[in-house]
Amino acid sequence: MAGRHVTGDGCTTATARTAGDRHAVRGDRPSPAVNGALRTAQPPGVPVWPGAPAPLGARFRVGPDGVAGTNFALWAGGAEAVELCLFDESGRETRARLTEVTHEIWHGFVPGVMPGQRYGYRVHGRWDPWTGARWNPAKLLLDPYARAVDGEFRMPPEVYGHVRDWPDQSVADTVRDERDSAPYVPKGVVVHDDDDWSDDRRPRTPWADSVIYELHVRGFTRRHPGVPEELRGTYAGLAHPAAIEHLVKLGVTAVELLPVHQFAHEDHLLRRGLRNYWGYNSIGYFAPHAAYSASGTTGQQVGEFKRMVRALHAAGIEVILDVVYNHTAEANEYGPTLSLKGIDNRRYYRPQADPRRYADYTGCGNTLHVVQPHVLRLITDSLRYWVTEMGVDGFRFDLAAALARSMHDVDMFSPFLAVVAQDPVLRRVKLIAEPWDVGAGGYQVGAFPPPWAEWNDRYRDTVRDFWRHALPDVREMGYRLSGSSDLYAWNGRRPCASVNYVTAHDGFTLRDLVSYNVKHNEANGEDNRDGTDDNRSWNCGAEGETDDESIRALRRRQLRNLMTTLLLSTGVPMLVAGDEMGRTQGGNNNAYCQDNEISWLDWSLLEDPGWRELYELTARLIALRRRHPVLRRRAFFSGRAQSASGLRDLAWFTPHGTEMTEGDWYAPAATLGMYLSGRDIPGRDERGVPVVDDSFLAVLHAGEHPVDFVLPGPPWAECYEVVVDTSREEQARPPGVFHASGTTITVPARSVLLLRVADRRTGAPADGPAG
């Protein structure tokens, strides 16, 4: 087996048995002229003035003597030399050395470099993968601070720092590839930042009032008939009035965009003729993904993104970005060399005990080393940039537990969480954690500190299990409906810490959740091995699409049940784009690589009366939630009255109309009654007036047969009005259906009834303003 050998120029190769083998190990060398260009003095005609080490990245400005140009600054701690590479429209490259170094930042001001200029870096240093050193100046590197990126990454052998097809794959990552990667990789673009956002008005929606709508920039409008064809699938398409009209009518307060940082497509997908659709493969943390731009990719994407944010803000809708700071597109030691790996591999990525290998807490090959100051600075600079210069209102952090790791373990006092908590910009925006990663101890639901909110997968699993009648009792359901105080109350957080969801981009759509028992991911080309098998789904009697009308009707009812439960639960609801109109992915629960009709929204569904009814119910439930503060509480329930004349703020009832006892919580059951008192809401409005609202009784019944339910009498109510009945196909508000307290009503199988407490004589609300 080949051993380790370090050559005189610092290049590590595999030890060869013959001189001929040794020459092969070094890989294909560039021509002497190219090799010489990497080591020559400053090329003529490219003046580089000292410039400044801050800010990092490429910033166009007016320099000494009023000369316009661009300041370039790159952190490259262990590098021996850094070359700035400028590219003209034909792709011809001109190199200029950055000779000034301040605190490991290489910098220089280049007069005459204007916005639109394409550029990259070549970074020189030792090649010794056994110690984690992977510098290779043959590879053009993307500036981590690039504001815009022009072009797409291809993945031929030339973009790999090592010889990818080396015969002995066990040491292939140690053999340096000296072929030039510049023709195959995109370039950073100099952008002129001249926008002060003085005409923008952020909605600043309180957490408790928020309804989040997760969507994909491309997939949302790719098939939208009201959006001009040339704008579909772009930032401009999402900003189009036809797209925004749907969001406004639905009533959501925020869009959560799947990743829009510049990302790359994985080689294994490209070889199968697929692409990374979701975008969880970031490589440029400051650049809007260029493929979503309708106006151009040499800086125009920045302005287009800003105009999209402004248009959404004008409609009262916040913009939350799904961000991936836990890993990059450079994968493991066998992955491509695109940016950070070639700048300083050892200090950007977490190493294993063997520094040749990466610690992988993400399942994607690498993990950013967030405890390193320059990595922490990269992430926080990026976050502040998107808030202050791009106008966004918050972030959802993919695999946030990986960011909260100190040296190895997840640490809620980690540098990342500490920095964010004290940052005057970031602590004021919405912060949502996906509170887990794939490493040991990575599951941290309920553990993040204030002011973080979290994706609550305990909510997801419980609601799915309840409606497929798979819970042994209703204890867990009670916690999830009332805000998950068991997870979030212990450290001073509030119900809005729980982002409640039944579906997300990852997994079945809502329609598929009631149509498939198992995943159907054959289109992904991995023999249906990818994607989770823990779907907690129920197909209602047939796998996939069916002509059986009884099954179709049951599925539509289950969809109404799931949507109603989500929007009546305490916490912050999150919907997935298209669930409100019955979008299907044909049973694919891992459509990350399906940039096609499988993933794109089918807007024709709104023309189907059955799916149109689901949309209208969803919009009505969101409007109901907006009108009634009792449905969007800012504090956890106490189980006590707020005044001498009040009731307990929350009460639970059995089908017999009696309050639940300790034993009832442990008994097998499929029915739960939840009473929300509008007279007992803690808190006051902006003028100091106590908040008073209607009171409601929600009856959730997951059993396969109807159940008789006795409506609680005084002091809870004298009369009830039916507000929502999910057993009905048509979801217009039931016309004045009232029931006296003490009445036994029949709750249909698998349905939700929402009843408002009303006055027996007039039918008016008994507590607060009419809903």
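Me: In which loop is proline 715 found?
Reply: Proline 715 is found in the loop between β27 (707–710) and β28 (719–725). Helices (H or I, at least four residues) and strands (E, at least two) are DSSP runs, numbered from the N terminus. This is a predicted model, in which local features need pLDDT of at least 70 and side-chain atom pairs count only at pLDDT 80 or more, while totals for chains, interfaces and linings use all residues. Residues are numbered from 1 along each chain as its sequence is written, and side-chain values use heavy atoms, with hydrogens and water left out.

Me: Which peptide bonds are cis, and what is omega in each?
Reply: A cis bond joins proline 714 and proline 715, with omega about 5°. The bond from alanine 54 to proline 55 is also cis, with omega near -5°. Proline 55 lies in the loop between α2 (32–37) and β3.

Me: What is the strand order of the open sheet of four strands?
Reply: Strands of a sheet pair through backbone hydrogen bonds, either parallel or antiparallel. Two strands count as paired if DSSP finds at least two bridges between them. Here the order is β3-β4-β8-β7, with antiparallel pairing. β3 (57–62) and β7 (100–102) stand at the edges with a single partner strand each, so one side of each has no neighbour in the sheet. On average, neighbouring strands of this sheet are turned by 30° against each other, direction ignored; axes are lines fitted to C-alpha atoms, for helices over the stretch in contact, and angles run from 0 to 180 degrees between N-to-C directions.

Me: Over how many bridges do β7 and β8 pair?
Reply: β7 and β8 (residues 105–111) pair over three bridges, in the antiparallel sense. Glutamate 100 stands opposite histidine 107 in β8.

Me: Is strand β31 buried or exposed?
Reply: Buried means under 20% relative accessible area, exposed over 50%, and partly exposed in between (1.4 Å probe, protein chains only). In β31 (residues 751–758), eight of the eight residues are buried, so the strand is largely enclosed by the rest of the structure. Ser751, Leu753, Leu755 and Val757 point one way, whereas Val752, Leu754, Arg756 and Ala758 point the other way.

Me: Which strands pair with β31?
Reply: β26 (residues 696–701) pairs with β31 in the antiparallel sense over six bridges, and alanine 698 has leucine 754 as its bridge partner. β28 also pairs with β31 in the antiparallel sense over six bridges; there, aspartate 725 has leucine 753 as its bridge partner.

Me: How many residues of helix α12 are buried?
Reply: Nine of the eleven residues of α12 (residues 457–467) are buried, among them Tyr459, Arg464 and Trp467. At the start of α12, a side-chain oxygen of asparagine 456 reaches to within 3.1 Å of the backbone nitrogen of arginine 458. Histidine 469, which follows α12, has a positive phi near 55°.

Key: A polar contact is a pair of N or O atoms within 3.5 Å; within protein, one must be able to donate a hydrogen and the other to accept it, and residues adjacent in sequence count only if both atoms are side-chain atoms.
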